[in-house]
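Here's a friendly walk through one protein model. Have a look at the sequence and the 3D view first, then read on.

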Amino acid sequence: MESNFENGKIQSHNSIESNVDFNNLGISDDFSLDLNCEFPTDRGKFPDIIKNSNLKRQIISFGPCKPNIKFPLSTSKDSINRKFSVEYYFTTNLSGQKIPRGWLCYSIILDKVYCESCWLFADRKHSYFKSNWINGIDDWQHLTLKINKHESSIQHIEAVKLRTIWTKNLTIDQSIEILISKEAQKWRDILTRLIKIILFLTGGNTALRGNERKLSETNPSEGNFIRAVRLLAEFDPVLNSLLLTEQSRVKYLSWKIQNELIEILATNLQQLICEEIRSAQCFSIIIDSTQDITKIDQVSFIFRYTIVDYKESKLEIKESFLGFYPLDKHDAEGHVNLIKAVLNTHNLDISKCRGQGYDGASVMSGCFSGVQKRISDIIPNASFVHCAAHNLNLVLSDMAKSTPKMLNFFNIVQDLFLFFSSSAPRWATLALGDDIAKIVLKKVCTTRWESRHNAVFALKFRYKDVLKSLTSIILTSDKKEEKNRAKGLKKKLESFEFVLILFIWEQILRPFYLVSKKMQSIETNLHIACEYLQSAITSINNLRDNYECLVNSATDLCNSWGIPVNNIKKRKVFSKTFFGDLDGDKRYDIAQDNLKVKVFLPVIDTALVQLKYRFLGLQEVVDKFNFLQPQNMLQFSEENLVKATYDFIIFYEKDISSDFTRQVLSIKEILTESLSKIKTIKELAKCILENDLGSLYKDVLTACVIFTSLPVTVASAERSFSKLKIIKNYLRNSMAQERLTNISILNIERNRTQDLNINQVIDNFANKKARKKNFLK
């Protein structure tokens, strides 16, 4: 009877288990076996008449309801102070041997005995039919007489015969259904392999489909999915039999089946992620948008949250991708409506949102009608954090715009890269040379300014090699245009001014590059980001005082190549003077003496001002949690701690109770030694968990979780765009939106696909619609 018992489990009185699926038996939810109770076949749980044959089979398979308990005393007048006994389950012959009465059952719910055979199989239309042994007997005084009389009745004998026939047919069905179960297991094994192939291909950004034809034909342009199936079939007998069995036209290898499996896998993975988000105390929304290759604006949804594991005493910060969603209206209202729709679709409560992470576009970060303002109107304590990486990028952009000389420098670097990279022979002379492992020139990134450090450092490291290559091209090339371009670039590079700016930019970009990379980590929190920014400010301040060192380094490099350090005197250009002017405006070219005033100091001052101004919003959010920083908690006076906690309670009134102040003061006194050893709020939360103080300082732990859940950058959304360009490329530009989202989830969250229940996926596939093959054992 394996086919009739598929998903659930029935445990009989002799502990035999068999699989049961109540979803496909046609049994109503009101009358089915309750496997959670001790006696599922109790007569009191079912109606008088059971017409469903499958339910009858279940009751027979489970066995009769024969409890051995302390039976209650009867309160009826006929049988007062009498009760049922387990001795009635048996009859005794003259030799004293006990013979079981298989038909006799006792209902705990009804406190009556009944005949299970008559209940299930009695002919209710016959003239001799009586319902007393179906409804139940509780006349304990005359029970022996009634049992003997019922055993010899025609109704009971016919019911027992019919039950015997059913039992024999049941045995025959079992042998047939064993074969059905083996066939179902075979197709489940096949589907398991196909699912693993799909997860492998989607995890590696590999296209599944190609120009498929018949499996019997050799097709060089078939897709990676079929090729992977053929490859595994050479070593796997299950897939080998699938491909070689020509009689079966059903193989589940079509593109429709692939799409169905991808959709089910992505949906199940989304459900796992959403369950994790719902179980978290709070979450932050991180969204960003970009255009795909078909110019559709794709919005990436990332949720940042913290999982507290009380058993392992640890916190885990996660940023989970939930999909790409097309954006129809690009105004703030359109973004907010999309956020609400996504949250409602996945049954996520917006009231648990405590943070927002966007870029600096006015639509997103506008303080009057931007997305962050509209979300804050719904959830007042959903703090907005302008992406720190974007802000840092804007600081560098403003620095370059401070003087034309600094901005023009990167144009020269990019022209130099394009000159060498556009020709293989030219690139070979520079990139290979005597040492293949040498640093090569890098492209100047147009958007990520901090990554320009690679291009500047490579040019600084290979400066003399570049000049040698240019000189060689000028002397040996027979192409006029190539020689002219080489002469122009060489002339620009052979300048003390260019070399000095090269050293200045390399020193400026070095700390910014490190800070940007550190802030893009998921483990980074707002306090760590502020420390990184402070280190960048310190580096820039130190650089301001080390101008002479930069000049000396640039001078040494120029002298090694023979570049004149002293500026060639040029004719001074004066502005036109008018009658009455005392002195005209003198326009000086930048000379070595005033390069510091005209170029260096404006760049440094712009950096310092922008680093303080652009991160005021970030600092404002951090200030709310400053008192939780372990070192600050020790240094703050009790009065300052009380004031800070009061302000915190008011802002997070739905999360933090009024006992928060007492908890903070208690931690300061009790965990003084531990606080002196830890540095971050995350370490404070771990300290509370490791000392099993979560229930005592629950509000402090809540505050720590809120802090670690706040976003620092939108780097996770930016990383998802890299996958978007790989998945939906010019060869796959006709991909539908649903398929794009499904494949993106399986790819970006590929580390979590191992948590998927493959059996559940197969069951969902089998139940989605009628299948030509049976997958349910």
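How many residues does helix α29 have, and what does it reach from its first C-alpha to its last?

## Helix α29

Helix α29 (residues 715-727) has 13 residues and reaches 19 Å from its first C-alpha to its last, close to the 18 Å expected at 1.5 Å a residue. That expected span is 1.5 Å times one less than the number of residues in the helix. Before going further, note that this is a predicted model, where local features need pLDDT of at least 70, side-chain atom pairs count only at pLDDT 80 or more, and totals for chains, interfaces and linings use all residues. Residues are numbered from 1 along each chain as its sequence is written, and side-chain values use heavy atoms, with hydrogens and water left out.

In α29, the buried residues are A715, S716, A717, S720, F721, L724 and I727. Here, buried means under 20% relative accessible area, exposed means over 50%, and partly exposed is in between (1.4 Å probe, protein chains only). A715 counts as buried because its relative accessibility is 7%. A715 also sits 8.0 Å from S521, C-alpha to C-alpha, though the two are 194 residues apart in sequence. The cover over the buried residues of α29 includes β7, β8, β9 (314-326) and α30 (737-748).

## The whole protein

Stepping back, the protein has 31 helices and 13 strands. Helices (H or I, at least four residues) and strands (E, at least two) are DSSP runs, numbered from the N terminus. Of the 777 residues in the protein, 48% are buried. Now for contacts, meaning heavy atoms within 4.5 Å: among those with a separation of 6 or more, 69% come from residues 24 or more positions apart.

## Strands side by side

Strand β7 (residues 283-291) is largely enclosed by the rest of the structure, because seven of its nine residues are buried. β7 pairs with strand β8 (residues 297-309) in the antiparallel sense, over nine bridges. Two strands count as paired if DSSP finds at least two bridges between them. D288 has S300 in β8 as its bridge partner. The hairpin of β7 and β8 has five residues between the strands, and K295 takes a positive phi near 65° there.

β7 also pairs with β10, this time in the parallel sense over four bridges, and S284 stands opposite G355 in β10. β10 in turn pairs with β11 in the parallel sense, again over four bridges. There, G357 stands opposite V385 in β11. Within β11, S383 and V385 point one way while F384 and H386 point the other way, and all are buried.

## A helix with a buried side

Which residues of helix α11 are buried? In α11 (residues 371-378), they are V371, Q372, I375 and S376. They cover an arc of only 130° around the axis, which puts them on the same side of α11. The arc is that of the directions from the helix axis to the C-beta atoms. What they pack against is α9 (332-345), β10 (353-358), α10 (362-365) and β11 (383-386).

## Two nonpolar cores

A nonpolar core is a set of buried Ala, Val, Leu, Ile, Met, Phe, Trp, Tyr and Cys residues joined through side-chain atoms within 4.5 Å. The largest one has 112 residues, and those with the most contacts inside it are W505, I508, L628, F660 and V700. Helix α18 (residues 496-519) gives the most to this core, with 14 residues. A second, separate core of 82 residues includes A228, L261, L343 and F384.

Back to L628: leaving out residues up to four places away in sequence, L628 touches M633, F660, I681, L684, V700, A703 and C704.

## E260 and the cysteines

E260 is found in helix α8 (residues 255-279). E260 counts as buried because its relative accessibility is 10%. Not counting residues up to four places away in sequence, E260 touches F765, K768, K769 and R771.

How many disulfides does a search of the whole structure find? It finds zero, taking a disulfide as a pair of cysteine sulfur atoms within 2.5 Å. The sulfur of C115 is 3.4 Å from the closest cysteine sulfur, in C118, which is too far for a bond. C115 counts as buried at 0% relative accessibility, whereas C367 counts as partly exposed at 47%.
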